[in-house]
Amino acid sequence: MDSIDIGLWVTGGLLLMVVLGMRVAFAAGLAGLVGLVWIFWAKFGYAPDKLGKAVTVSVKIAGQVPHSKVSSQALSLIPTFILIGYLAYYAGLTKALFEAAKRWIAWVPGGLAVSTVFATAGFAAVSGASVATSAVFARIAIPEMLAIGYNKRFAAGVVAAAGTLASLIPPSAILVIYAIIVEQDVGKLLLAGFIPGAFSAVVYVLLIVGIAVIFKNVGPPVTGFTWRQRFESLPGALPIVFVIVIIICFVYNPFGGDAWGTPTEGGALGAFVVFLMALYHGMRWSELKNALLETAKLTVMIFTIIWGVLIYVRFLGFADLPGAFADWITSLTMSPMLILVCILLAYAVLGMFMDAIGMLLLTLPVVYPAVMALNGGEAVTAADSAFGMSGTMCAIWFGILVVKMAEFCLITPPIGLNCFVVAGVRPDLSVQDVFRGVMPFFIADGITIALLVAFPSIVLYLPRLAQ
């Protein structure tokens, strides 16, 4: 049995463990360790006296991988981005943002739902965690929608779907993870997420307005706010804008020249600014403690998944499975664009059974090289490429597409994590209610993904400016 066969068997075992309910981090780590032992023992000719040596070598490799990769400075972005979101919640910025959106936008059909989407998009720009975003707005927006007669399933679906925007709009933990796995520039990927994230929010809004116009009893508008009340709501939302400007300036200097700092420094400064705002708004020690604990829990979960998956990734390197998959993909007679669409559809199916971060970490080491090979390789120019873009731009474009697919998977049954979070926060809602409420948003996400595939300039406009 050659290394490719070993890679396929171990990968099949990994998928079986995940389907049976084992956590992705432990399943990936175990599969990677077993695969390494199998690979080295095969090189020793399966001699019984060499099994111990194969185990020793494999354990050393598995032990070194997590530290060597996770000690990367770029990963320090993740806890700072998550902390910004929790501090913003305890600082009262979330309520102020929702109130401003309500006073300015709620007069349209489905106004409170539209306000929720825009407020969620604004909060997503200071929060790197989709789950946290959904939990926050389930507490703030759903009660107000139910109070004026919104359908409870529709209200829950709006919050669960809008919460996914935090996966795409920077600062995004998933975009940072993608950049590290595929070894691309974090700053350019974060920049690339702004326009697609805003575009996704607009598509959600158009869907909500259309539903509210067709079904009059779904989302009644809210009127009665004076212009004075509207302008009075703006100061409370300005701190969010300030933090967004800080992060943008540190990733990309809008005045020309070098950026003011690294994305890591931007994230740290953003967290410090929000911390000062939280203190100004009277945050207590218990609230600061909760924010730090929630940040630590989510960070540990993400890092644990990364550790386990990196061991599996190292095994894939020894098995040469990514190279074999890339060769197979490029040998297909279908057009590269059709193959890309099939890959995205496969992500949609896989996301029904895996969480978003685990899905990307497990698949990218194999799928990413194949997509790059389809385009013509890492160093290809736009003129010689299959997708009409250079290798660097293709990596960014594909990153936004797979992160958008990860967003889609956050609301698809039976694993859709955002739906479970909303149902957990709102005991009056069942998980089935939330899943039914998000069904119309599948259409919106499908339209968004199709347009991002058809018009890559939506994704690449800002990264090209930063070149």
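**Notebook: pockets, domains and one arginine**

I began with the biggest opening and asked which helix gives the largest share of its lining: H13, with seven residues of the lining of the largest pocket. Helices here are DSSP runs (H or I, at least four residues), as strands are (E, at least two), numbered from the N terminus. I keep in mind that this is a predicted model, where local features need pLDDT of at least 70, side-chain atom pairs count only at pLDDT 80 or more, and totals for chains, interfaces and linings use all residues. Residues are numbered from 1 along each chain as its sequence is written, and side-chain values use heavy atoms, with hydrogens and water left out.

**The largest pocket**

I noted a volume of about 1,100 Å³ for the largest pocket. Its lining has 37 residues, and those closest to the pocket centre are Val 131, Leu 298, Met 301, Asp 355 and Leu 417. Elements giving two or more residues to this lining include H2 (24–43), H7 (130–147) and H13 (285–319). By class I found 27 nonpolar, five polar and five charged residues in the lining. For the classes, Ala, Val, Leu, Ile, Met, Phe, Trp, Tyr, Cys and Pro count as nonpolar, Asp, Glu, Lys and Arg as charged, and the others, Gly among them, as polar.

My working terms: on a 1 Å grid over the protein atoms alone, a cavity is a set of points where a 1.4 Å probe fits but cannot get out, while a pocket is an open set with protein on both sides within 12 Å along at least five of seven lines; lining residues have an atom within 4 Å of a point. Grid points are joined across faces, edges and corners, and a volume is the space filled by probe spheres set on the points.

**The cavity**

I found one cavity of 30 Å³ or more. Among the residues lining the largest cavity are Gly 351, Asp 355, Cys 409 and Leu 417. That lining divides into six nonpolar, one polar and one charged.

**Domains and fold**

I looked up the domains, which come from an automatic or database assignment: domain 1 is 1–71 and domain 2 is 75–298. Their C-alpha centres lie 40 Å apart. The pocket lining draws at least three residues from each of these two domains. I counted 20 helices and zero strands in the chain.

**Arg 103**

I placed Arg 103 in helix H5 (residues 93–105). Its side chain makes a polar contact (a pair of N or O atoms within 3.5 Å, one able to donate a hydrogen and the other to accept it; residues adjacent in sequence count only if both atoms are side-chain atoms) with the side chain of Glu 99, at 2.8 Å.
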